[in-house]
Amino acid sequence: MKLVLHVWRQAGPQAKGDFVRYEVPDASPDISFLELLDLLNESLIARRMEPIAFDHDCREGICGSCGVVINGRPHGPQRHTTACQLHLRSFQDGQEIWVEPWRAKAFPLVKDLVVDRSAFDRVIQSGGFITARTGSAPDANAVLVPKRDSDLAMDAAQCIGCGACVAACPNASATLFVAAKVSHLGLLPQGQPERYSRVVKMVETMDAEGFGACTNHGECMAACPKGISVDFIARLNRDYLKATLAPPPEGAGWSGAA
Amino acid sequence: MELKSAVPEGPIAEKWERHRFEMKLVNPANKRKHSIIVVGSGLAGASAAASMAELGYQVSCFCFQDSPRRAHSIAAQGGINAAKNYPNDGDSVYRLFYDTVKGGDFRSREANVYRLAQISVQIIDQCAAQGVPFAREYGGLLANRSFGGAQVSRTFYARGQTGQQLLLGAYQALSRQIGLGGVKMHPRTEMLDIIVVNGQARGIVVRDLVSGQISSHVADAVVLATGGYSNVYFLSTNAKGCNVTATWRAHKRGALFANPCYTQIHPTCIPVHGDHQSKLTLMSESLRNDGRVWVPKAKGDSRSPAQIPDAERDYYLERMYPSFGNLVPRDVASRRAKDMCDDGLGIGGGHQVYLDFRDAVKRLGPTVVAERYGNLFDMYQRITGEDPYQVPMRIYPAPHYTMGGLWVDYNLMSTIPGLHVIGEANFSDHGANRLGASALMQGLADGYFVIPYTIGNYVAQAKLPPVSTSDPEVKKVEAEVTEKIKKLLAINGTKSVDAFHRELGRLMWDQCGMSRSRAGLESAIDKVRAMRERFWKDVFVAGAGEDLNQSLEKAGRVADFFEFAELMCEDALHREESCGAHFREEYQTPDGEAKRDDARFSFVSAWEFAGVGAAPKLSKEPLEFDYVHLAQRSYK
């Protein structure tokens, strides 16, 4: 099939960027969207032009490296599908496709379609973990976890950290990303001791990194390749409110239960 | 070279305990005076960096991805083994040890495997404490499933994303240490060489993948956790960035490379569909718990699978291996699929067989099937456009994991003092074939529970004179790295890096893949050499060195694959037997199973670099089996 691509090219953070038009005359509908970019890059190399830079690695939808906005939608038109798993059969012969990087203040552009998502790492570093020093764990079955809680924690834990939620949000908010981690850890008994301090630190870091606030558009959930629900944002808000409006008196710990 | 495995004395069950007592300790106040470099942030690297930082060492961790969370361990699907015996079905440390040695076709080091089985139990505890959401029973206890090569259910899992959840656990532990200042993290930074001073590994030379800047980092010890080399085949289940560069460049500086020909071809992957395909996608081995593998009995049967009645289907694994059935180890399942297709019985006469869930859906209902495998089924449907709840999956083997790697002793130290190698990057525990759900176990065992002890033993005893990044030895390595990059950019030929990589991959798959022969390997060596020469004359690397340049990154990696591929063929040629995943056509039993030659080949092949194109020197580490009786593997 023939496709016309308009790809965002930008040599570096300070350079001026623009869309560049390319034609791919003979793509198979069975290849993935990133394979289409490979194909285009091969043709650019053959013409001794510089290939398009884009992040990618596992190409099976789990590493979270890839992510481009395709015709205005992060990861493209197919629900619950990363760009690497999106296949050209989702497009029509002759279609024009606009390809852009994630656009958000907290994700500065590096080159072409590559952005810097290290803000996500810093949010996790500030509190997105359970403190469990190596070697100090009790027997794994010593702490029972109801299946319902464990399953729900797993739903949240599936986040691949790709940043599509931020790219989709009109406010460039990372609330779904933070909510997924806060919920994953806060649903488990092992996560209770740090539950409320965690949510405060992560939200503070998110704000400091320049992500916007959540105003309940729900675009994040629609764009999320793992289908992570905005219900987790409600959970985040509940924990955050409890932590900030009704903190325990000095010296007393959080009770854990919400 | 004489290889000292440093396996402690005593009965196998007591070796690790005894060794932990005998190893030298570093007192808590002194640990912060020692610096450790960890390269790679997958299960092995992240767990090692976090655990060593918790102990107080100054750790620097490097990864080429934009975040440590993206290391390829994240893609592991099925599960992680542990000898917990929670299901009460007869498992034990000894049985996990036994299964792993047998599964590896008696080509692994017994003492290492025993330690791995012992530690497996702690790993599950550690991960549960970190909040890894393992699958659970309704009563709140952990759930288990069975996996290939075992008759007990010892595999723990988190849906079909076990690797992701375990890696996020390790990543979060690592992140905590980064936040506390215990680990200095360097993402988008690729290691391009190691620095050896006075015979000791004292640092690495890296390239900042954004600015292109080359710099050196020095430390008291270096730990490589850089994964495997399946991408030598171009098409594999590995992530696109996986490479042999770190281990190969360490090899060129003196670390021996062990068993490079042991490469695992995973039986259940989505078949190759076209010329522009960039990678192959694994469908977890766990699917073989409920899926049944078959081909039509008649050649050229072009009916749709639903129209082929049971009597006209050949469930060949169940037929040939009644006791293990569809759960035979990976090497066996892969080889049988290849045989079927080579005999013209593949679907549509091509290279694919069915993995059918019809009976599972009937027996369990689609809801239970979805709960177990939903994400895999969805992934399959996205890639192929077919719905596996309705029609059987089409699968074929693909390169997946490499058992070979840098040679290490019991302390996980290579032949270069101070250079430690953990996870898939070393050769130690899986012999000639890895059992399913054992890679995650080994990566985390090395990182959480072995290296934190053995690194202390090394730095406590080694004499470590101060080294600075401005020392001439360091500057020399840095200059060599810079020179190599300049050379790649200056070739200015006509063909892309990927075009060369594809060509090399095809050759390796045909001649050094699922089955190998003397003639094929000899011709492959000549071809690899010729291809390598062409690469250095005719590759075109676009862009500049001082910039984000993905063509240049790939070019460096592919250049190393060209050198490495030759060693792989050399090793496969030298090993005149079939064992595990290494199948030499000349050495097989009458029914087509691998035929070992224990009298001649019961050893680890460890190769020493002698120059590009020069014959590598072989050293042998003899393998002794005091506990597991050597026998022909049988899964019938």
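**Before you start**

This is a predicted model, in which local features need pLDDT of at least 70 and side-chain atom pairs count only at pLDDT 80 or more, while totals for chains, interfaces and linings use all residues. Residues are numbered from 1 along each chain as its sequence is written, and chains are lettered from A and ligands numbered from 1 in the order in which they are written.

**Stop 1: chain A as a whole**

Select chain A and colour it by secondary structure. The C-alpha trace of chain A spans about 70 × 40 × 35 Å along its principal axes. Of its 258 residues, 55% count as buried, where buried means that 20 or more other C-beta atoms, placed from the backbone, lie within 10 Å of the residue's own.

Among contacts in chain A between residues at least 6 apart in sequence, 70% join residues at least 24 apart.

**Stop 2: the two domains of chain A**

Now colour residues 3–111 and 117–245 of chain A separately: these are domain 1 and domain 2, with bounds from an automatic or database domain assignment. Their C-alpha centres lie 29 Å apart. Each domain of chain A gives 18 residues to the contact between them. On the domain 1 side, the residues divide into eight nonpolar, seven polar and three charged. Here Ala, Val, Leu, Ile, Met, Phe, Trp, Tyr, Cys and Pro count as nonpolar, Asp, Glu, Lys and Arg as charged, and the others, Gly among them, as polar.

**Stop 3: where chain A meets chain B**

Show both chains. The contact takes 64 residues from chain A and 63 residues from chain B. On the chain A side, select helix 1 (33–46), strand 6 (109–111), helix 2 (118–125), helix 3 (147–157) and helix 5 (175–186), each of which supplies at least two residues. Which element of chain A gives the largest share of this side? Helix 1 of chain A does, with six residues. By class, the side of chain A that touches chain B has 27 nonpolar, 21 polar and 16 charged residues.

**Stop 4: the domains of chain B**

Chain B is assigned domain 1 (12–262 + 403–461), domain 2 (267–399) and domain 3 (472–603). The C-alpha centres of domain 1 and domain 3 of chain B lie 24 Å apart, and 35 residues of domain 1 are in contact with 38 residues of domain 3. Strand 6 (189–197), strand 7 (200–208), strand 8 (214–218) and helix 7 (245–252) of chain B give two or more residues each to the domain 1 side. Strand 6 of chain B provides the largest share, five residues. That side has 21 nonpolar, 10 polar and four charged residues.

**Stop 5: an open sheet in chain B**

Five strands of chain B form an open antiparallel sheet in the order 11-15-14-12-13; two strands pair if DSSP finds at least two bridges between them. Strand 11 (263–269) and strand 13 (313–314) of chain B stand at the edges with a single partner strand each, so one side of each is left without a neighbour in the sheet.

Walk across the sheet with these pairs:

- Strand 11 of chain B joins strand 15 (residues 393–402) of chain B through five bridges, and B:Cys269 has B:Tyr396 as its bridge partner.
- Strand 12 and strand 14 of chain B pair over three bridges, with B:Val293 opposite B:Leu355.
- Strand 12 and strand 13 of chain B are joined by two bridges, and B:Pro296 is partnered by B:Arg313.

Is strand 12 of chain B mostly covered or mostly uncovered? Mostly covered: four of its five residues are buried.

**Stop 6: two packed helices**

Finally, select helix 12 (residues 472–491) and helix 15 (residues 550–574) of chain B. They pack at an angle of about 105 degrees, with their axes 10 Å apart; axes are lines fitted to C-alpha atoms, for helices over the stretch in contact, and angles run from 0 to 180 degrees between N-to-C directions. Helix 12 and helix 15 of chain B are therefore roughly perpendicular to each other, a label used for angles of 65 to 115 degrees. Show side chains for B:Ile485, B:Leu488 and B:Leu489 in helix 12, which meet B:Leu552, B:Ala555, B:Gly556 and B:Ala559 in helix 15. The residues of this contact divide into six nonpolar, one polar and no charged.

Methods: Two residues are in contact if their C-beta atoms, placed from the backbone, lie within 7 Å. A residue is buried if 20 or more other C-beta atoms lie within 10 Å of its own, exposed if 12 or fewer, and partly exposed in between; C-beta atoms are placed from the backbone. Angles under 35 degrees count as roughly parallel, over 145 as roughly antiparallel, 65 to 115 as roughly perpendicular and the rest as oblique.
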